[in-house]
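Here are a few exercises to work through with the model open beside you. Try each task on your own before reading its solution.

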Amino acid sequence: MDFRLTEEHEALRQSVREFAREVVAPVIAEHYEKHTFPYEIIRQMGKMGLFGLPFPEEHGGMGGDYFALCLALEELARVDSSVAITLEAAVSLGAMPIHRFGTAEQKARWLPKLVSGEALAGFGLTEPGFGSDAGGTQTRAVLDGDEWVINGSKAFITNSGTDITALVTVTAVTGTRPDGAKELSTIIVPSGTPGFTVAPGYSKVGWTASDTHELTFDDCRVPAANLLGERGRGFAQFLRILDEGRIAIAALAAGLAQGCVDESVRYAKERHAFGQPIGNYQAIQFKIADMEMKAHTARLAYYDAAARMLAGEPFKRQAAIAKLHASTVAVDNAREATQIHGGYGFMNEYPVARFWRDSKILEIGEGTSEVQRMIIARDLGM
Ligand SMILES: Cc1cc2nc3c(=O)[nH]c(=O)nc-3n(C[C@H](O)[C@H](O)[C@H](O)COP(=O)(O)OP(=O)(O)OC[C@H]3O[C@@H](n4cnc5c(N)ncnc54)[C@H](O)[C@@H]3O)c2cc1C
């Protein structure tokens, strides 16, 4: 058992750490306040190869692995979660389904743009009427000659409405199985397809510099060849995508938890109360020690899940544990970091205010904490 990073992974971590501090940190607060999408940062991340980390070189990727993506997400989220979730969703939800399940033509058409970061893709599973209960999908796709005709709507879809969004993959009911259950399939819908409407961005509590929209499909026609993988495999596909995605979200949450430690140590050394830095008081030191313990164990949990996944071993339970634990400690650390900052922690100009607002969604997106507990319990035979 060896949790030390390889030279390549360590070099990647260092370069993303520097990028986050030097390029993201100085400008992100303004994007966050104005709710603007940070196109310039995303362009530079594309040039660094971050969108291609886990993809093969033949499609323009970096030939790395999923763990490399997680390391990058952790370092970005240590400074800002809007940028981190944009990368997470672009790679793990956007490009990965095409890489895993797409035909040779689909890969050749879409992957080079997506892995370079020149274009983004969204993954539309959640609908206005359901999220956790993914089997409740109402969106329907009917084959009419050589076209799918899609009707329905999707809620909260990340990266679905930027100026560089190329497509959204949507899950839809395409028929009924012999046992009476819904047949679910996944279909690629390019941006700008007639009948595909992207609503204005939501007004969100956090992740305000990321892109999230409700989508509607009104007799939206796409070629039959846009079916992703086999018809009827939609359920299995999104379960696989979400299992992997949970490791990525855990990495992002570990980064936010660590960012709270970074900011708290800095502030506790600078801020004086009763004649000395507040960091001299054991009450503050103990808070920060607990925060460091939580960030560290969150990191170990996602390292473990990623290692199992890359070894080809079962990792569903460990991914759920990592996501549940890391998101819980991210919320804990954000709350404590705000407390350590006193009144300034409630001011949006301080990074910890962003961390606080960004932490809660980690217990909700890509499977709520209740859903993670259901997965863990089921895997234990309950
Ligand atoms: C900013 C943002 C970005 C997102 N990006 C995407 C995206 O790119 N693509 C996408 O498809 N989705 C996306 N989502 C949707 C997200 O994954 C869902 O919000 C999430 O899965 C929860 O679904 P829901 O909101 O419908 O909550 P519900 O499923 O309605 O749950 C409500 C509450 O009930 C609880 N609950 C539900 N069932 C049970 C049960 N059986 N036992 C106990 N408790 C239960 C839940 O845990 C939760 O606390 C995004 C959401 C947000 C807010």
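**Exercise 1. Find which residues come nearest to the ligand.**

Step 1. The ligand has 20 residues around it, and T126, S132, F156, T368 and E370 come nearest; a residue counts as near if one of its heavy atoms lies within 4 Å.

Step 2. A note on what you are viewing: this is a predicted model, in which local features need pLDDT of at least 70, side-chain atom pairs count only at pLDDT 80 or more, and totals for chains, interfaces and linings use all residues. Residues are numbered from 1 along each chain as its sequence is written, and side-chain values use heavy atoms, with hydrogens and water left out.

Step 3. Sort the shell by type: ten residues are nonpolar, eight polar and two charged. Here Ala, Val, Leu, Ile, Met, Phe, Trp, Tyr, Cys and Pro count as nonpolar, Asp, Glu, Lys and Arg as charged, and the others, Gly among them, as polar.

Step 4. Strand 3 (147-158) and helix 10 (369-379) each supply at least two shell residues, and strand 3 gives the most, with three. Helices (H or I, at least four residues) and strands (E, at least two) are DSSP runs numbered from the N terminus.

**Exercise 2. Decide whether N159 and F274 are buried or exposed.**

Step 1. Check the backbone. Most residues other than glycine have a negative phi. N159, however, has a positive phi near 65°, and F274 has a positive phi of about 55°.

Step 2. N159 counts as buried because its relative accessibility is 0%, whereas F274 is exposed, with a relative accessible area of 82%. Buried means under 20%, exposed over 50%, and partly exposed in between (1.4 Å probe, protein chains only).
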